[in-house]
Each structure stands twice: as C-alpha cells, then as structure tokens.
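Subject: Structure for you to look at

Hello,

Please find the structure below, handed over for your use. My notes on it follow.

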Amino acid sequence: MDLACYPNKTTFKTLKLASTSTSSSSIFVFPSLHKTKTLTIHSHKFPFPRLTKALSTSPTAVQTSPATTNNILQDQGGKPQWKASIDFKWIKDNKEIVAVNIKNRNSDADLEHILHLYDKLFILQKEVERVRGERNAVANKMKGKLEPSVRQTLIEQGKNLKEGLVALEEDLVKLNDELQREAQCIPNMTHPDVPIGGEDSFTIRKTAGSAPKFSFPVKDHLQLGKELDLFDFDAAAEVSGSKFYYLKNEAVLLEMALLNWTLSEVMKRGFTPLTTPEIVRSSVVEKCGFQPRANNTQVYSIDNSDQCLIGTAEIPVGGLHMDSILAESTLPLKYVAFSHCFRTEAGAAGTATRGLYRVHQFSKIEMFIFCRPEESDYYHDELIKIEEDMFSSLGLHFKTLDMASEDLGAPAYRKFDVEAWMPGLERFGEISSASNCTDYQSRRLGIRYRPSEALVPGPKKSKGNLAPPQFVHTLNATACAVPRMIICLLENYQQENGSVLIPEPLRPFMGGRNIITRKSS
C-alpha cells in the first residue's frame with residue numbers, strides 16, 4: 001500500500017496531536033509508555049520536487065564565494081535548498097523521450113521552460129567565469145610596482161568587477177534554484193512494459209486462489225468486529241477524530257501475530273529487521289519523492305519545524321544511507337522495517353473507505369532494497385514474489401496488477417499492486433504494492449556505491465585508478481499493512497455461527513488460538 005506521490009502543488013489542513021519524542025516501539029512487545037509533547041500539524045505551500053532517470057550532477061553547478069552565498073541566504077532568511085543530482089545535458093539530448101514520458105505520466109512538468117532555464121543558466125555561468133577571470137587578471141597586475149595613478153585605476157576596475165561579479169553570482173544562485181525546482185517536477189522514466197494510460201489501464205500479472213463460497217449471508221469486517229468486540233471506532237472518534245480506531249481483544253493479538261509472522265518470514269529471505277523513526281525531516285520526505293506540504297497530501301507536517309510524520313517506513317529507510325558511498329561488496333542491502341504510519345487520507349470518502357480500510361494511523365511492515373542498477377528488475381520480481389507467497393500461505397484470493405503509467409507515483413519506474421478479495425466489501429481491495437524507483441530517490445538522497453573493479457588494473461588501488469561512484473537503485477514493497485490484512489482475514493474466514501477462523505500460519509503467534517468467538521455475557 002503505497003503513499004501516493006502527486007504532481008501538483010497544494011496545501012492541507014491544520015491538526016494537533018500528542019506525539020512521542022521517539023515513536024518506534026518493538027513489535028515483539030506491546031508499545032510502552034513515553035512522555036509526550038504537543039505538536040501542531042499545519043498547512044503550508046511548497047513545490048513538489050521530482051527527478052528523472054539517469055540524472056547525474058549538472059556541469060553548470062553554481063560556483064560562488066562563501067561570503068556571497070551567506071549574504072544571499074541571509075537575504076532569503078533560510079537554509080539553502082537541497083539539490084538533486086540532475087543531468088540537464090541528458091535531458092536536453094533526450095528531449096523527445098522525456099517529453100513523451102511526461103505526457104504518459106500525466107505530469108505537470110514544463111520541459112520547454114526547464115530547458116530554457118538550463119540554456120539561460122549555461123550562458124550566465126560563462127559570463128560569471130569571464131568576469132571572474134577579468135577580476136583575477138586585474139589582481140595579478142597589481143602585484144608589481146605601479147605608478148599611483150595606474151594602481152588607482154586598477155583598484156577602481158577591481159571594485160567594479162567585484163560588484164558586478166556579486167550581482168551575477170546572486171542571479172546565478174536564483175536561476176539555479178528555479179531550475180532545480182522546475183526540474184524536480186519531472187517524474188522518473190517508465191519501464192517499457194508498463195501499460196500506458198489511466199488507473200483502469202493496468203494489466204493483470206497474476207491471479208491466485210479463489211474466492212470463498214458462503215452458504216450464509218456474508219458480513220463485513222465492521223459487523224464482525226462489533227459482534228466479536230474487536231474494534232471501537234466511536235470512542236476513537238471522540239478521542240482522536242474520524243478514521244481512528246481502537247483494536248480490542250483478539251484483534252490486538254491478530255495485529256501482533258501478523259507483524260511477528262511477517263517479520264519472521266521476510267527475515268528468512270535475508271532481510272535485516274529495523275524499527276525506524278516516525279518523525280523525519282521534511283527534506284527527506286521530499287527527496288523520497290513525496291509532497292509534505294500540499295493539497296490532498298497524505299503527509300502530516302509539524303508546525304514550526306522542518307519535520308513530518310511518516311506515511312510509510314520507505315521514507316526513513318530510504319534516508320538510512322543518505323549522503324554516503326557504499327562498498328559494492330555490501331550490496332544488495334535488504335531491510336524489513338516496522339513502523340506506525342500516519343496519513344491524512346485527504347479526499348477519501350464513500351462506503352469503500354469505511355472502517356479499517358482507510359485510516360489515519362496504522363502499523364505496517366515495509367521491505368526496502370538498495371542494489372546495483374543492473375539488478376533492480378530482478379529484485380523487483382523478488383519483492384513481489386515474497387508478497388505473493390505470503391498472501392497465498394494465508395489462503396487469500398488476490399490478483400497482482402502491473403500499474404498503468406498515469407497511476408505511478410513520481411519516483412516509480414514500475415509498480416505492481418496486489419489486490420485481495422474482500423467478501424464483505426464485495427470487491428478487491430489493495431493490500432500491498434512493490435515499486436522499483438531505479439535511481440530517482442538515490443540521486444536526491446545522495447546514495448552511491450563504488451564499483452570494486454579499478455579503472456586501470458594495477459598492483460595497488462589508489463584514488464587515481466578507482467572507478468567513479470555510481471548511484472544505487474532503490475526498491476520498496478509492503479510486506480504487511482495491518483488494517484487491510486485484518487479486513488481480509490475477518491471477512492474471508494468468517495463462519496456461519498459468527499466466529500472467525502485463524503489461518504494456520506498465524507496460530508503459533510496467537511498463543512495457540514485457532515478461532516475468534518463471541519464473548520460470553
């Protein structure tokens with residue numbers, strides 16, 4: 001279940017909540033109590049940044065003196081904008097391909113304007129270099145013995161050149177920032193096998209299992225939960241607002257069982273377990289391709305800070321190796337992370353979103369892989385197979401979809417969604433997704449690896465013959481989104497007498513329970 005990345009620049013509502021200073025809690029035990037502080041969730045306007053495939057550091061990087069940069073930043077009253085490693089030359093050389101991709105993704109990116117800014121920046125950079133050269137030449141002339149009048153003339157020339165250079169460098173910084181903001185709106189490139197079109201243009205990659213046949217009226221998870229005393233939405237609405245819930249009795253055990261079973265299954269496949277921070281810097285959210293401050297955003301932003309609540313563990317795990325160069329021998333790095341997730345669910349309404357299907361807070365286990373570029377398609381297949389194997393072992397009827405181009409979030413090169421049959425809702429509902437983001441996120445987060453082979457073979461490795469670092473590819477996939485899994489299990493395993501069977505794989509994690517029955521009065 002992915003956290004959607006939308007292309008538009010928008011705003012969102014203000015909320016308040018009590019949040020722990022360190023929100024992670026072990027999935028092996030019930031969450032412990034922490035001291036809390038009040039955080040205000042507020043609305044801002046902010047551009048949604050995105051990146052393209054094969055985008056390396058631009059040759060037109062800004063070069064300004066520290067004093068000039070500091071003055072500019074003080075005038076702007078803020079920190080410098082983070083920069084994505086975008087290869088504008090590649091974009092310009094592949095203009096037609098990029099334009100088609102932007103159209104197929106239904107993106108708002110303005111490629112013509114971006115290329116115009118790039119050309120303008122290139123010309124301005126040349127002018128800065130010319131003036132800087134003239135200033136250096138004047139400085140060199142003043143080193144020897146000179147007539148006072150000649151020296152005074154050179155001093156005036158140097159002063160004028162310095163003032164002109166400062167003005168040019170200020171323009172260069174502003175232009176480079178504008179170019180970055182616009183270019184970050186370009187979505188990732190798209191896998192050639194991705195179907196082109198809107199959300200209904202997906203193709204079915206696989207269908208597994210069969211829908212259960214019932215000889216009695218089917219109940220939805222809300223009715224089952226009420227009769228079995230598993231949820232309390234009314235009390236949660238009073239305490240927190242709509243789309244919050246209390247889990248009770250066996251529902252709590254079922255959540256813990258799902259988390260522990262999922263974790264154990266994924267760890268068998270070589271993944272390292274993590275718990276993550278649940279409050280992260282806004283810049284990390286942006287670098288992962290999400291929009292923390294926008295209309296219909298899924299992200300809660302904390303007022304008077306540069307922090308957000310996470311909507312998925314993909315964000316803190318993606319930032320785990322930020323601004324680092326990894327040894328090739330360490331790849332692939334495979335993580336399975338538990339976290340709570342927080343989403344505004346802006347714009348969600350209707351009967352299909354009732355109950356646990358669409359909520360503001362939930363527990364989730366996420367898989368994440370850092371790998372070499374040539375291996376990302378292979379690991380994408382591995383991630384979706386892990387998901388399919390686990391859902392099959394739980395006896396679910398599901399289908400795997402290859403999502404269409406307009407339904408891909410900005411970071412995704414390709415995305416597979418898994419939808420499971422939910423008898424009470426009488427439809428398939430999304431329970432997981434698996435995305436290959438290629439180097440979209442790593443170019444923003446600054447995560448590279450150094451190939452182990454030297455450029456020039458020799459007895460010793462030195463900086464001169466080391467291969468240049470390359471950007472890793474990142475992939476993410478949902479292993480278990482608890483609320484929707486509870487929906488599937490309650491609705492598919494309901495019995496005529498109102499009880500619900502526990503699937504075999506989960507029973508060892510439920511204290512040996514094999515059935516949920518009504519409580520005796």
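Predicted model: local features only at pLDDT ≥ 70, side-chain atom pairs only at ≥ 80, totals over all residues.

Three strands make up an open sheet with mixed pairing, in the order 9-15-16. Its edge strands are strand 9 (324-327) and strand 16 (470-471), each of which pairs on one side only. Strand 9 and strand 15 (residues 447-450) run parallel and are joined by four bridges. Ala327 stands opposite Arg450 in strand 15.

- Strand 10 and strand 11 are antiparallel and share ten bridges; Lys334 has Ile369 in strand 11 as its bridge partner.
- Strand 11 and strand 17 are antiparallel, with eight bridges; here Cys371 is partnered by His473 in strand 17.
- Strand 14 and strand 17 are antiparallel as well, with three bridges; the bridge partner of Asn436 is Leu475 in strand 17.

How much of strand 17 is buried? Nine of its nine residues are, so strand 17 is largely enclosed by the rest of the structure.

In soluble globular proteins, nonpolar side chains tend to be buried together. The largest nonpolar core in this model has 60 residues, and the members that touch the most others are Leu396, Ile431 and Ile486. Several elements each supply at least two residues of this core: helix 8 (250-267), helix 11 (376-393) and helix 13 (482-492), along with strand 10 (333-342), strand 11 (361-371), strand 13 (414-422), strand 14 (427-436) and strand 17 (473-481). Helix 8 gives the largest share, eight residues. Another core, of 28 residues, lies apart from this one, and Ala109, Ile114, Leu165 and Leu168 are among its members.

Then there is a pair of packed helices. Two packed helices are described by the angle between their axes and the distance between the axes. For helix 3 (residues 95-104) and helix 4, the angle is about 140° and the axes are 11 Å apart. That makes helix 3 oblique to helix 4, because only angles over 145 degrees count as roughly antiparallel. On the helix 3 side the residues in contact are Lys95, Val98, Ala99 and Ile102, which meet Leu111, Glu112 and Leu115 in helix 4.

Last, the salt bridges, of which the count is 29. Which parts does the bridge between Glu382 and Lys334 tie together? The two side chains meet at 2.9 Å, N to O. Glu382 belongs to helix 11 and Lys334 to strand 10, so the pair ties together parts that are 48 residues apart in sequence. Lys334 is buried, with a relative accessible area of 14%, and is the residue in the sheet whose bridge partner is Ile369. Salt bridges with shared partners also join Glu265, Lys268, Arg269, Lys385 and Asp389 into one network.

Two other salt bridges each stay inside a helix:

- Glu127 and Arg130 meet at 2.6 Å, N to O. Both are in helix 4 (residues 111-141), three residues apart, about one turn of the helix. Glu127 is partly exposed, with a relative accessible area of 30%, and Arg130 is partly exposed at 41%.
- Lys89 and Asp93 meet at 2.8 Å, N to O. Both are in helix 2 (residues 88-93), four residues apart, about one turn of the helix. Lys89 is partly exposed, with a relative accessible area of 48%.

Regards

Notes:
Residues numbered from 1 in each chain as written. Heavy atoms only, no water. Core = buried A, V, L, I, M, F, W, Y, C linked by side-chain atoms within 4.5 Å. Buried < 20%, exposed > 50% of the residue type's maximum accessible area, 1.4 Å probe, protein only. Pairing = 2+ DSSP bridges. Salt bridge = Lys/Arg side-chain N within 4 Å of Asp/Glu carboxyl O. Axes fitted to C-alpha atoms, helices over the stretch in contact; angles between N-to-C directions. Parallel < 35°, antiparallel > 145°, perpendicular 65-115°, else oblique. Contact = heavy atoms within 4.5 Å.
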